[in-house]
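Please look over the chain shown here. The report that follows takes its strands, its salt bridges and one surface patch in turn.

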Amino acid sequence: MKKLIIGNWKMNPASLREVGQLMSPLNKLKVPKNVSVVICPPFVYLPLVKTKIALGAQDIFPGTQGAFTGEVSTAMVRAMGVTYVIIGHSERRLYIQEPDELIAKKVRGSVDAGLTVVLCVGESAATRKKGLSASKKFIQSQLSKNLALLKKDEKNKVIIAYEPIW
């Protein structure tokens, strides 16, 4: 099994010059054959990131097109060479209050589009304090809800990333 390293740029960098500074060492990176490397810049920088490293989107909208101001579809990111998408990131769950039902739709749409989904799951600090059993139950519930729209044989197309909110 290949190891996967994902660099999520989050809402960085602040300038185009900094994109070039970040890309310079990445373009020289020697990646071992047993490792896959993915970088996930903000949407606005995707067209500027030219590299042999796989590209990922930091999020996705489950719809294909329409009146969804500010959203980005799977077709849009695919057109920019994106092959991975992060869904259910702890920051989106925490700050934007993304519900499991929406995350499930994003997973479904991304799998349909042929993207490799990186589904983030994890418990809060309060749940963690309740013990390992509570944490496991919480994460199992997230997985069940977030993968609910996939058929059994499609679930192997999703990479699970443990990313607790604590």
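## Strand pairing

How many bridges join S1 to S2, and do they run parallel or antiparallel? Six bridges join the two strands, and they run parallel. This is a predicted model. Gly 7 has Ile 39 of S2 as its bridge partner. Together S1, H1 and S2 make a right-handed β-α-β unit.

S2 also pairs with strand S3 (residues 54-57). Here two bridges join the strands, again in parallel. Ile 39 stands opposite Leu 55 in S3.

## An enclosed strand

Why is strand S2 (residues 35-40) largely enclosed by the rest of the structure? Six of its six residues are buried, so the rest of the structure largely encloses it.

In a regular strand, side chains alternate between the two faces of the sheet. Both faces of S2 are covered. On one side lie Val 35, Val 37 and Ile 39, all buried. On the other lie Ser 36, Val 38 and Cys 40, which are buried too.

## Salt bridges

The structure holds nine salt bridges. One of them joins the side chains of Lys 10 and Glu 91, at 2.5 Å from N to O. This pair links distant parts of the chain, 81 residues apart. Lys 10 sits in the loop between strand S1 (3-8) and helix H1 (16-27). Glu 91 belongs to helix H3 (residues 90-95). Lys 10 is partly exposed, with a relative accessible area of 31%. Glu 91 also counts as partly exposed, at 31% relative accessibility.

Arg 93 and Asp 100 meet in another salt bridge, at 2.9 Å from N to O. Asp 100 counts as buried at 17% relative accessibility.

The side chains of Glu 98 and Lys 106 form a salt bridge at 2.6 Å, N to O. Both residues are buried. Which residues do salt bridges with shared partners join into one network? They are Asp 59, Arg 92, Glu 98 and Lys 106.

## Nonpolar surface patch

Leu 4, Ile 6 and Ile 159 form a nonpolar patch on the surface. Together they have about 180 Å² of accessible area. Ile 159 lies in strand S6 (residues 158-162). At 30% relative accessibility, Ile 159 counts as partly exposed.

Terms used:
Residues numbered from 1 in each chain as written. Predicted model: local features only at pLDDT ≥ 70, side-chain atom pairs only at ≥ 80, totals over all residues. Heavy atoms only, no water. Salt bridge = Lys/Arg side-chain N within 4 Å of Asp/Glu carboxyl O. Helix = DSSP H or I, 4+ residues; strand = E, 2+ residues; numbered from the N terminus. Buried < 20%, exposed > 50% of the residue type's maximum accessible area, 1.4 Å probe, protein only. Patch = residues over 30% accessible without salt bridge, like charges linked within 9 Å, V, L, I, M, F, W, Y side chains within 5 Å. Areas by Shrake-Rupley, 256 points an atom, 1.4 Å probe, with all protein chains shown as cover. Pairing = 2+ DSSP bridges. Right-handed = clockwise from strand over helix to strand, strands pointing away.
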